[in-house]
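Please consider the structure shown below.

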Amino acid sequence: MTFDDRPPGERYFRQPGDVLRLVVWGIAAAAMWAFVGLATRTRDGLEADLGGAASSLHRAARELLLAAVQAAAIVVPLAILVALVVRGRWRRTGVLLLAGGCGAGSMALVGLGLDEPGPVRGALSDDVWALPLGFPSLPTLAAWAAVVVVGSPWLAPAWRTAACRALVVAFWVVALAGTEGALHLVLAGTVGAAAGAAVLVAVGPPNRRPTPAMVARAVRAAGIALRAMRLESAVGGRAQRYRAVTDDGTQCYVKVYAHDSRDADLLFRLVRAALLRRPGDGLAAPSLRRDVEHEALMMLLAARAGVRCATVSALAAIPDGSVALVTDDVGSVRLDELDAELISLRLLDDVWGQVALLHGAGLAHRSLRAANVLVEHDRPVLIDFGAGETSASTRSMALDVAELATSLAVIVGAAPVVESAARVVAPEVLAAVTPLVQPLALSSATRKQAGKHLLRELRDELVAATGTDAVPLERLARVRPRTVILTVTLAGAFYILLPQLANVDDSLRALDDANWWWLAGSVVASMFTYVASAAAMAAAVRYRLPFGALLQAQVASSFVNRVTPAKIGGLAVNVRFMQKAGVPSAEAVTATGINLAAGTVMHLVLMAIFFAIAGQGGDGAFSIPGGSTVLVVIAVVLALAGVVVATGWGRRAIGRHVATFLRQSWDSVAGLARSPGRLVVLLGGSATTTMAYIVALACAVVAFDGGLSFAEIASVYLGSSIIAAAAPTPGGLGAMEAALVAALTAVGMASGIAVAAVLSYRLATFWLPILPGWLGFELLQRRNLI
């Protein structure tokens, strides 16, 4: 029988390997851009040395080689274009032209951030042939690299190798000619390759899967003659699946693993290794064939342990490097395709029994969801052992159970799944499952189906079934979003402070000339912030609090705030202190929120006042936004508020958080309204706290003769503190320093003096209070006040 000689599936599709190449070439291009742009002396020295070495070659030979490359740069692209047009390959033509344009454009954009490269030492100085000496330029070379990357999928292996070698020779000849530096050439090559990979990811390369005819011939060579083949599925990044019939009428199943399958596996492992702390995936096999052999080994070991699974019939190598795995046909109905009514308790027990046999043999499936369980004659059969582990750990087995339990719970609910599992699965394995019932521990397919409520219900059922106490979820994420934000914030602060630190000599000289009495005044002002803060907190609650202990709690809060972002630790200390003092929990939380709200209101009021005063100064160093700008900002804020209110998510968030807080706060707010004295102390204490910080910064500026008015210093502090409040670092560390230095220099201070003043201010208000704060925290704990 004849088989189809066309690749199965769609004609073009995005392949995982192109994503991998985009990542690799993108990282390489970014690294080269950073090296060429920042390490300028090293770059110039290397290029000069390489250029000097290249000049040792005879000048005539270099001219001849460059002339040959220039001629090829014109003739070869034209010949390729004409051939494609004559053959009517319009898509291919368009993709290659797009790649060339993207490569050249990307290099031109990258070059905008670099110094203009020029000829290196010993470079050719006269035009060769009839073309200018600067041809081919860096954008042209980048375009070539992009075209070679994009055109490679259409080329036979021999032509692909020839194209890559020709590209390397062209870059080497340009380096010998000295018209472009060697490192700039490497940068152009990496940028062009990254642009080409991006084009392939965007448009998709041609289908390079092995055809059914190739598969049939390879399987026949392995000893199995096929009479018919029917394609089951051919999805990018996964094995192609065929149901086949042999010459003697035997039903069999053929899985074909092409290179895109291995690329998808590598990409999957890299992503999990980057995001998860203990992915447990192990190392990738050195070749595709070893991957398939591992799956066959897992199936043989599972069958020997009594697990119902397919029987391996043959492995067949296909000439393009793909590998076919032939097994017997064990059925076509997946467990996740059955209705819940058809999944009996006996079937669930049988499924868990197969899992127990698998784990009893020291094997873990690692992809054990309902979709990988077939049902044949009301009996489960396990399939797809490609990700399996031999000599598996208890954790790997627990991951199996968590995956299967969740995917089954999606179908029949959590209670029957856990009830069945508890009758079969080993208790120690089941006890280790609870911390792993969370989205990051599950496959993407199961994660999309299981909601948070189902996962919580499943954890509760597991705790009840094992008779153990509830345990916290295992931390699986390697990098949290907050860590990323923190890193970006610190990097941005470093980027802003770095140019200022170039004037570190000026800062040191400013320290020598500083007025230490004014610096002492900065420390005193910093100490007074705690007194004002304690007064405001005392006024926020209707219960009488011991002022001395409350003041001590404010000092202790400064220590806790140094290790927690967004003042969370300090708020918790105040709430705990009031609870210990007899204030009801709800009112303690409300009072802390009211104090925070009062501080925000007074901060904004003071900012409006000082911005207006500073903006009326005659030197023009400080200006306030015009009326039209203010109106635009108000319009944007109102538009965003309207979007939030208009969306269901926004209304639910307002109802759940804002409305709840307002209801809880009503009694305390009403009490404040009936007590004008408390309201005055609350607002006055909040304003005094902010003013004390302003005075501390003003003392630091005056100590170095900064030459700014008090209104300008206040405006700088009030604006910078808002920016720093958005940073996730404790106390706005890094962001506050960067914002203050940038603002002070913007209003006229010398950068060296600004750095010295800001560091002195932060020493007085951030670093020095840490020790007394720690002592106060320890003392409050010993006295059982927190």
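Helix axes are lines fitted to C-alpha atoms over the stretch in contact, and angles run from 0 to 180 degrees between N-to-C directions. Helices (H or I, at least four residues) and strands (E, at least two) are DSSP runs, numbered from the N terminus. The model is predicted, with local features requiring pLDDT of at least 70 and side-chain atom pairs counting only at pLDDT 80 or more, whereas totals for chains, interfaces and linings use all residues. Residues are numbered from 1 along each chain as its sequence is written, and side-chain values use heavy atoms, with hydrogens and water left out.

On these terms, α26 packs against helix α27 (residues 735-746) at an angle of about 145°, and their axes lie 9 Å apart. The crossing of α26 and α27 is right-handed; a crossing has this hand if the near helix is turned clockwise from the far one by less than a right angle, and is left-handed if anticlockwise. Contact means heavy atoms within 4.5 Å. The contacting residues of α26 are Val716, Tyr717, Ser720, Ser721, Ile723 and Ala724, which meet Ala735, Met736, Ala739, Leu740, Ala743 and Leu744 in α27.

Rings of Phe, Tyr and Trp (its six-membered ring) pair if their centres lie within 6.5 Å; planes under 30 degrees apart count as stacked, over 60 as edge-to-face and the rest as tilted. The structure contains five aromatic pairs. One of them joins Phe610 and Phe710 in an edge-to-face arrangement, with 5.9 Å from centre to centre and 70° between the planes. This pair links distant parts of the chain, since Phe610 belongs to helix α22 (residues 585-615) and Phe710 to helix α26 (residues 710-725), 100 residues apart. Phe610 is buried, at a relative accessible area of 10%, while Phe710 is partly exposed, at 35%. Here buried means under 20% relative accessible area and exposed over 50%, with partly exposed in between (1.4 Å probe, protein chains only).

Why does the pair of Tyr693 and Tyr717 count as stacked? The ring centres of Tyr693 and Tyr717 are 6.2 Å apart and the planes stand at 15°, so the pair is stacked. Because Tyr693 lies in helix α25 (residues 676-703) and Tyr717 in helix α26, the pair ties together parts that are 24 residues apart in sequence. Tyr693 is partly exposed, with a relative accessible area of 22%, and Tyr717 is buried at 9% relative accessibility. Ring pairs join Tyr693, Tyr717 and Tyr761 into a cluster.

The strands can now be considered. Two strands pair if DSSP finds at least two bridges between them. Five strands form an open sheet in the order β1-β2-β3-β5-β4, with antiparallel pairing. Its edge strands are β1 (226-233) and β4 (312-317), each of which pairs on one side only. From one strand to the next, the twist averages 25°. Strand β1 pairs with strand β2 (residues 240-246) over six bridges in the antiparallel sense, and Leu231 has Tyr242 in β2 as its bridge partner. Helix α8 (residues 212-221) packs on this sheet and touches β1, β2, β3 (251-257), β4 and β5 (323-328), its direction making about 130° with that of β1.

Another antiparallel pairing, over four bridges, joins strand β6 (residues 373-376) to strand β7 (residues 379-382). Leu374 stands opposite Val381 in β7. The two strands β6 and β7 form a hairpin with two residues between them, and His377 in the turn has a positive phi of about 55°.
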